[in-house]
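Colleague: I am new to this structure and would like to go through it with you step by step. Could you take my questions in turn and show how each answer is reached?

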Amino acid sequence: MWRCWHRTSTGPGKTSDVRRVGVSSPRQQPGRLTSWLARCGGLILVLAWTWCGLVVPAHADGLIISSRPAGEAGPQVDAAQVSPVARAVPVIVAQPRTYVVQRGDTLSAIATRHGTSVAALMALNGLASADRIQAGQILQIGGAVSPLPQLSADGPLMRVQFWPWPPRQGQTMAIWLQTPAEVSPTLRFGHQTIPVTAAGRHSWALIPIDALAATETRPLTITVGSMTWVFPVTIWPGAFEVQQIPASASDPILSQVERVNAEWARMAALFARRSADGWTPRSRFVLPLAADVNYELSSPFGSRRTYGGSTGISAHAGEDFAAPTGTPVLAPAAGTVVLAESLFVRGNAVVLDHGRGVLTGYWHLDTLAVTAGERVRPGQVLGTVGNTGLSTGPHLHWELRVDGVAVDPLQWLE
Ligand SMILES: [Zn+2]
């Protein structure tokens, strides 16, 4: 299967104590991020008094905290309308315990073994039905719970909405805030300041969760004026493949470390840029390949990789689409070309800046059809699928970065 063997995740040689081994890669949250954000953003423009939660898809695993009591007149969201899961999901403040589903397991057997109930496991893991588990799937088993902060009816923060909730490794978590007055809230996640985009009484932010992020609880701090709320956010494990890259394939990476690192540093600087305009929650992302292209996902985002028998683990920073050489690669959304050239590791490469810290990359192309500085429209041809750079066969490596952090691009598709 064609894929790239290079490590492109969070830095050359970055290691992590990965304790989970996923044998298959079930997708918990396919697509929906841009759809969710766009619905929210679109409504805000149309109905000033309406909150986006009203149109969250029925099964969105989001969480809403509102200062308004249920039953009050006016546009309101009961958590039950949004997601049956949202009501039941407790906030885990202890290190989450996980279990990898084995062949032949049933949810009730797992519940009995761990001293919990089927209902609790379903709520914790967002399962719609008790028999929708499969071998290799990672289940959250339990943990201590702490209450979420309450919002007072006359306070400066009316509503907070998170999606998805809880976030998993490699996902982008979107946050919407509603305030009674036009203010600019500030947001911190752990020690990190998160850029907030304010539009009147609504504001939004994106928090990228690194694929190798520790599965721990981090405080999300929201400050409006003189008041601060702290929401404990627990990062849940993703389900990732493990790939051992053989020594022969690892050689170009391991023997030319300086060249590899120099390219990595250059890309990191490029991905860290944050242009003010451009991408908005109404922007949609589509697949960078035409609908009739016969492709195969040859190496999923987040796959854990070890090279040449070493113990260092890195994560695959993008999705690999194996497709014939010459297949057109399309812009998934409007953006500006900030790189279009040949690189040692990534081969013929294109990077698009979509604005507000959202950038995408396309590696191993056969030909390039755009030049740096050019503005592209959605669906415009960027180049063609190829096998340039460190690659084992024709494929497109598609990467999406939010504020420099590689996240799963498939979460962004409609
Ligand atoms: Zn790749």
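Colleague: Which residue takes a positive phi in the hairpin of β6 and β7?

Modeller: The hairpin of β6 and β7 has two residues between the strands. The phi in question is near 65 degrees, and the residue that takes it is G190.

Colleague: Which are the edge strands of the open sheet that holds these strands?

Modeller: The open sheet has four strands with antiparallel pairing, in the order β7-β6-β10-β11. Neighbouring strands of this sheet are turned by 25 degrees against each other on average, with direction ignored. An edge strand pairs on one side only, and this holds for β7 (192–194) and β11 (227–234).

Colleague: In the open sheet of five strands, which strands stand at the edges?

Modeller: The order in this open sheet is β1-β4-β5-β9-β8, and the pairing is antiparallel. From one strand to the next, the twist averages 15 degrees. Two strands have a single partner strand each, so that one side of each is left without a neighbour in the sheet, and these are β1 (63–66) and β8 (197–199).

Colleague: Which residue in β9 does T197 stand opposite?

Modeller: Strand β9 covers residues 202–208, and β8 pairs with β9 in the antiparallel sense over three bridges. Opposite T197, the residue in β9 is W204.

Colleague: Is G200 buried, exposed or partly exposed?

Modeller: G200 is found in the loop between β8 and β9. In space, G200 and V183 are 7.4 Å apart, C-alpha to C-alpha, although they are 17 residues apart in sequence. A residue counts as buried with 20 or more other C-beta atoms within 10 Å and as exposed with 12 or fewer. Because G200 has 13 other C-beta atoms within 10 Å, G200 is partly exposed.

Colleague: Leaving aside neighbours within four places in sequence, which residues is V350 in contact with?

Modeller: V350 is one of the residues that touch the most other members of the largest nonpolar core. With neighbours within four places in sequence left aside, the contacts of V350 are V337, L339, A340, Y362, L365, L368, V370, L382 and G383.

Colleague: In β23, which residue is the bridge partner of V329?

Modeller: Strand β23, residues 381–384, runs antiparallel to strand β17, residues 328–330, and three bridges join them. Strand β21, residues 367–368, is joined to β23 by two bridges, also antiparallel, and there T367 has T384 as its bridge partner. For V329, the bridge partner in β23 is G383.

Colleague: What percentage of the residues of the protein count as buried?

Modeller: The protein has seven helices and 25 strands. Among its contacts with a separation of 6 or more, 72% are accounted for by residues 24 or more positions apart. Of the 414 residues, the share that counts as buried is 44%.

Colleague: Finally, what pLDDT does the protein average?

Modeller: Over residues 40–60 pLDDT stays under 50, and pLDDT also stays under 50 over residues 69–95, for which the model has 55 contacts beyond four places in sequence. Where pLDDT is low, the predicted coordinates should not be read in detail. In the protein, 71% of the residues score at least 70, and the average pLDDT is 75.

Definitions and conventions: Residues are numbered from 1 along each chain as its sequence is written. This is a predicted model: local features need pLDDT of at least 70, side-chain atom pairs count only at pLDDT 80 or more; totals for chains, interfaces and linings use all residues. Two strands pair if DSSP finds at least two bridges between them. Axes are lines fitted to C-alpha atoms, for helices over the stretch in contact, and angles run from 0 to 180 degrees between N-to-C directions. A nonpolar core is a set of buried Ala, Val, Leu, Ile, Met, Phe, Trp, Tyr and Cys residues joined through C-beta atoms within 7 Å. Two residues are in contact if their C-beta atoms, placed from the backbone, lie within 7 Å. pLDDT is the predictor's confidence in each residue, from 0 to 100.
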